[in-house]
Amino acid sequence: MKNLLFLLLFLCQVFIGNLHGQRCSTVHSPAFIAPDTVCQGSEVMLTNTTAGSTFYWNFCTGNTTYVPTGVNLGDPGGYMQSPYYINTVKDGDLFYSFASTSSSGEIIRFFHGLDLTGYIDSVTNLGSFGVLNSNIRGVCAGNDNGHWYLFVVSGSTVLRLDFGNSLMNNPVSEPFVFPELFISEKIMIRKEGNEWIGFITDSQTSKLMRLRFGNTLANTPQIESAGLFLPLSSPCGFDMKQENGDWYMFVCNRSNSSISRLDFGGSLLNTPAGVYLPSLSYPLSNIDISLTQDCERTNGYVTNWVVAGVFMVHLQFDQGLAGPVTDSPVGATSAILNQPYGLSEIFREGDSLFLLAINNGSSMISRMTFPVCSDASIATWEGPDPPPVVYNNPGNYNIILRVDEGTANEQVFCQNIVVLPKPIFTLGSNRTMCDHDTAWLDPGEGFTSYLWSTGDTTRMLPVIQPGIYWVEVANSWVCKGRDSVLVTVNETFIDVVDTTICYGGRYWAQGSWQMEAGSYFDTLITIHDCDSVLQTNLMTEICTLRFWLPTAFTPNGDGLNDTFHPVAQNIHEYRLIIYDRWGQQLFVSTSIEAGWDGTFKGEPCESDIYSYIVFFQSYDNPGETEKRAGTMMLIR
């Protein structure tokens, strides 16, 4: 039911007003309070000001500002040869499309079934009715109080097909020949008040002709010029929309690759004032245009009838139909379009939007889909007061509220919200610094304001203390973002080693051999690249000759001095430990015979000075552990 009502709403707004004779709900200005703009990731607070029994909210509907996806529906039935225009309508719950094919001068009916999401269910060649020929171009279907008609233009002929109460019926044809027409292109019909009014572009005479039917489409139409000296040059496809009570028509001109805007004012019976739109960014061999008033914005799509390149261009009217137009290529459709010619109306079915294109180059139909977004924290809500909504990505989003859906009092309200991008930056990963150093935190340039957790408002922040620091920045849209970083400080520490050497011996400390008792200091680099201090308290003593260690060894495999170990007698409880100059333990042995071979973890150590500590007990002094420490040279 939601899909049907929403589609009827769209037909009422986009196709031909009351042309279909259906009960259509009207899209009103928002009856809820919402911001026009919001920052990415911020809460959108909505306040409902409408009374009703039921409320259905949608926060992420299909949007014609999105890039569409496309699929090729092919040429089911194989009837199309050099097709030109297509018109898609909904009869009750069923969708139909009608296409003109010039090679045979025939009308083809396509039955889509209950929706436009699948492939075409069936195809019927309605024929030429004895009057259509290779000049066949535009087609336009409409419903007058439950009675369906299809109008087809071919040269100077306007053919009316009467389908009765269903587009599935076989139609009764009636041609009207107008000498004022030469090469008719597109036909479109609207109802204004109680009068049916049609328009036809003539590409040979560069004129816009108006048809007047009176109060029913069953009448014989009268033809007249819509205006002299209009800015038209071989006009082809066109579309028209009403905005703030005024009618605007946009016409594609094939000869000079331009688009004209005709301003009718408050009535389609007025003589329009016309202008050529300023040159667009993308050169067009433009043929047809389809406009849609999607929420509070108007968007359009134009076919570019070229052999290769940009086959479709998106038009955006940010300041209304009378304002400037921006254009951009629709690159996503290039794989499925081939010299596209005519476009259908843009249909909303449920929360998605659809647009059909007829390809003159490949004689196939393509379908473009404007899918629903997936950026809202909640997609839908039932009830009068929805919770706050968050949009995760910047862009344009439509918020729609349907009140008393399915009843005679049904109302639909819509508001477009622009979600602005938040700042993109980072303070980087957590960092570690050395004591007495300074870390500079920088979120980058290009922001309008900076606020640090310290209260500073400068771009860069010097940090000397450990802690968690955050910064909040704002961009030119006044959107804010925040990031934090953990700063850790490795303090300088002093490691104290007490060692004793025999009087007359030596010990490597403070960058040289030391023989005198005292305290010596060495600076070491730790794994955190911070300086640490090793304090060696060196003491001397008079030793008896019972334990000796060499000052160097040559582990070269020649059998001489290949290992480092003591020469000793009368000792036990022995333990030897080897360190490199940075204090890393390389070797441990509890056997005098098992000396160090100059390797660490199976890899040869470099020629350098290494430290050792030896613990042992003498049989002369049982129970008393003695300690020896020193340095030796590994020579390769």
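These numbered points walk through a few residues, ring pairs and strands of the structure above.

1. Please keep in mind that this is a predicted model, in which local features need pLDDT of at least 70 and side-chain atom pairs count only at pLDDT 80 or more, while totals for chains, interfaces and linings use all residues. Residues are numbered from 1 along each chain as its sequence is written, and side-chain values use heavy atoms, with hydrogens and water left out.

2. Arg190 belongs to strand 16 (residues 184-192), where strands are DSSP runs of E with at least two residues, numbered from the N terminus. Arg190 counts as buried because its relative accessibility is 4%; buried means under 20% relative accessible area, exposed over 50% and partly exposed in between, with a 1.4 Å probe and protein chains only. The side chain of Arg190 also reaches the backbone oxygen of Met240 at 3.5 Å.

3. Aromatic rings deserve a careful look, and the count comes to 21 aromatic pairs, where rings of Phe, Tyr and Trp (its six-membered ring) pair if their centres lie within 6.5 Å, and planes under 30 degrees apart count as stacked, over 60 as edge-to-face and the rest as tilted. One of them joins Phe32 and Trp57 in an edge-to-face arrangement, at 5.2 Å centre to centre and with 65° between the planes. This pair links distant parts of the chain, since Phe32 is in strand 2 (residues 32-33) and Trp57 is in strand 6 (residues 55-58), 25 residues apart. Phe32 and Trp57 are both buried.

4. A further pair consists of Phe564 and Tyr612, whose ring centres are 5.5 Å apart and whose planes stand at 45°, so the pair is tilted. Because Phe564 lies in the loop between strand 48 (552-553) and strand 49 (567-568), and Tyr612 in strand 54 (residues 608-618), the pair ties together parts that are 48 residues apart in sequence.

5. Finally, an open sheet of 4 strands has the order 8-9-10-11 with antiparallel pairing, where two strands pair if DSSP finds at least two bridges between them. Its edge strands are strand 8 (83-91) and strand 11 (122-127), each pairing on one side only. Strand 9 (residues 94-101) and strand 10 (residues 106-113) pair in the antiparallel sense over 7 bridges, and Phe98 has Arg109 of strand 10 as its bridge partner.

Key: A polar contact is a pair of N or O atoms within 3.5 Å; within protein, one must be able to donate a hydrogen and the other to accept it, and residues adjacent in sequence count only if both atoms are side-chain atoms.
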